[in-house]
Amino acid sequence: MRQSKLFTKTQKESPADEVSKNAEFLIRGGFIHKEMAGVYSYLPLGLRVLNKIENIIREEMNAIGGIEMKTTALQNKEIWEKSNRWDDKVVDNWFKTKLKNGGEIGLSFSNEEAYSNILKQYISSYKDLPVYPYDFKDIFRNETRSKSGIMRGREFYWKALYSFSKDETEHNAFYEKIKIAYQNIFKKAGIGHLTYLTFASGGSFSKFSHEFQTITSVGEDTIYLDENSGVAVNKEVLNDEILNSLGIKRENLVEHKAIEVGNIFSLGTRFSEPFDLKYRNENGEEKLVIMGSYGIGLGRLMGTIVEVLSDDKGIIWPEFIAPFQAHLLLLGDNEIVAKEAEKIYEKLLKNGVEILFDDRLGISAGEKFADADLLGIPWRAVISARSLKDLPESKESGIELKKRAEEKGKIVSLDELLDLLKPRI
RNA sequence: CGGGGUAUAGUGUAACGGCAACAUGCACGAUUCGGGUUCGUGAGAUUCUGGGUUCAAAUCCCAGUACCCCGACCA
């Protein structure tokens with residue numbers, strides 16, 4: 001994509017009403033636009049990042065048997081009444097609205113009810129199980145206090161997968177599988193080294209659950225980490241009984257602020273009971289389906305990556321998350337250099353490299369560098385009179401290539417560049 | 001939902017109760033071309049909304065709204 005055609009622009013000043021680093025860099029870089037507290041639009045660059053995250057999650061979910069679908073944003077009151085979660089006394093941050101005929105509906109708050117209701121129509125035999133449907137969708141929650149940029153929103157984009165299993169054994173096997181899948185996701189997202197599987201409260205569903213907590217100062221949770229084993233416990237469930245069961249000692253624990261980037265729950269029969277979600281086993285007996293719920297907030301994950309991976313100049317996107325693989329900068333106003341840059345851009349496009357081409361005219365080198373640092377694309381390729389001259393053989397294009405995360409770059413030829421940026425399969 | 005704070009060009013900020021200013025961004029012209037280059041010209045504001053005090057309110061007072069922070073909540 002040509003930067004001259006990108007309608008968003010970077011801004012030098014941080015927005016006055018944002019304190020968190022993720023909001024500051026994402027707004028300054030033109031990744032997101034704030035509509036109101038806790039509600040952000042994703043601009044072209046931001047959407048590309050979101051799509052990268054979505055695809056990573058999709059791959060991992062599909063790899064363990066996930067089947068993608070799409071549920072509605074408008075949710076049926078009657079279904080929620082079955083599970084007793086429609087009442088505002090039970091769920092106090094619903095967004096609800098009215099139909100013309102006076103009937104009430106809810107804006108998608110969560111998906112257990114919708115999935116239980118849909119799957120009831122299709123599950124009747126042990127042969128139909130297990131099944132792991134999931135979707136990506138916008139979730140609406142009337143938060144009394146949204147905060148920290150895109151870390152906690154009133155509207156947010158998430159992935160939710162629900163597991164439907166025949167029994168506890170089958171359920172537990174999948175539960176362990178998805179733990180690994182989540183670890184893969186956070187590793188690819190570049191925050192694996194700071195993300196810990198954390199023992200946590202089960203909320204209103206079950207006694208315990210597991211959270212994936214990423215250590216960061218903007219975190220809303222406090223976790224206690226045993227650095228030897230890598231096992232963490234959320235403050236809310238920290239007690240001797242749990243420590244004993246996990247085999248960790250209180251004196252080895254280190255306290256950290258952390259943000260919950262993923263959460264996995266066993267639901268048991270909490271929803272299969274009210275929805276009468278049963279199957280018939282080999283002996284003709286009726287059994288309740290065992291369910292589980294597995295969520296990841298994509299916006300929050302994006303915000304966490306920015307919080308954790310940035311420096312004073314801007315974002316440092318990890319390879320698989322970055323909006324583009326490489327940022328091609330044309331410096332100066334020399335026509336020959338500009339033509340060479342065009343040629344290189346076209347060649348990179350043909351080779352399937354995702355590239356942002358800073359072809360803007362009349363912008364100083366310093367400003368282009370500053371923008372490149374702010375946008376945080378992993379590779380920066382500079383074409384200038386100098387880079388062309390510095391190539392030893394001087395027959396091919398000399399390109400100065402530098403990693404965003406590193407100080408020094410090197411001059412490479414176009415072939416070397418193509419090789420380094422070869423799209424990963 | 002409790003507490004604290006803030007609200008002025010697109011953005012960031014200034015302005016004793018007395019002509020709303022500066023920087024940046026934007027437009028135009030020149031200059032420069034490897035870390036937000038320099039100079040000139042110009043456009044850009046119902047000072048959040050409503051009320052009050054006053055000869056006079058961006059400024060003081062009241063109410064509302066929005067936003068930020070702390071806490072509570074967080075399926």
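Which residues in α4 are buried? In α4, the buried residues are E112, E113, A114, Y115, S116, N117 and L119. Buried here requires 20 or more other C-beta atoms within 10 Å of the residue's own; exposed requires 12 or fewer, partly exposed lies in between, and C-beta atoms are placed from the backbone. This is a predicted model, in which local features need pLDDT of at least 70, side-chain atom pairs count only at pLDDT 80 or more, and totals for chains, interfaces and linings use all residues. Residues are numbered from 1 along each chain as its sequence is written, while chains are lettered from A and ligands numbered from 1 in the order in which they are written.

**Confidence**
- Chain A has a mean pLDDT of 93, and 97% of its residues reach 70 or more. pLDDT is the predictor's confidence in each residue, from 0 to 100.
- For the complex, the predictor gives an ipTM of 0.94 and a pTM of 0.96.

**Helix α4 and its cover**
- Seven of the nine residues of α4 are buried, so the helix is mostly covered. Helices (H or I, at least four residues) and strands (E, at least two) are DSSP runs, numbered from the N terminus.
- The cover over the buried residues of α4 includes β4 (74–76), α3 (77–82), β7, β8, β13 and β16 (290–297). Contact means that the C-beta atoms of two residues, placed from the backbone, lie within 7 Å.

**Helix pair α1 and α7**
- Helix α1 (residues 21–28) packs on helix α7 (residues 298–308) at an angle of about 95°, with the axes 8 Å apart. Axes are lines fitted to C-alpha atoms, for helices over the stretch in contact, and angles run from 0 to 180 degrees between N-to-C directions.
- α1 and α7 are therefore roughly perpendicular to each other. Roughly perpendicular covers 65 to 115 degrees; under 35 is roughly parallel, over 145 roughly antiparallel, and the rest oblique.
- From α1, K21, N22, F25 and L26 meet G303, V306 and E307 of α7.
- By class, this contact of α1 with α7 has three nonpolar, two polar and two charged residues. Ala, Val, Leu, Ile, Met, Phe, Trp, Tyr, Cys and Pro count as nonpolar; Asp, Glu, Lys and Arg as charged; the others, Gly among them, as polar.

**Five-stranded sheet**
- An open sheet of five strands runs in the order β20-β19-β21-β22-β23, with mixed pairing. Two strands pair if DSSP finds at least two bridges between them.
- β20 (355–358) and β23 (410–412) are at the edges with a single partner strand each, so one side of each lacks a neighbour in the sheet.
- From one strand to the next, the twist averages 25°.
- β19 (residues 326–330) pairs with β21 (residues 379–383) in the parallel sense over five bridges. L330 has I383 in β21 as its bridge partner.
- Helix α8 (residues 335–350) lies across β19, β20, β21 and β22 (399–403), at about 165° to β19.
- Helix α9 (residues 365–375) lies across β19, β20 and β21, at about 170° to β19.

**Backbone exceptions**
- Most residues other than glycine have a negative phi, and most peptide bonds are trans.
- L129 and P130 are joined by a cis peptide bond, with omega about 0°. P130 is in the loop between α4 (112–120) and β7 (132–140).
- S148 has a positive phi, near 55°. S148 sits in the loop between β7 and β8 (155–165), and counts as buried because it has 23 C-beta neighbours inside 10 Å.
- D276 also has a positive phi, near 55°. D276 sits in the loop between β13 (253–268) and β14 (278–280), and counts as exposed because it has 11 C-beta neighbours inside 10 Å.
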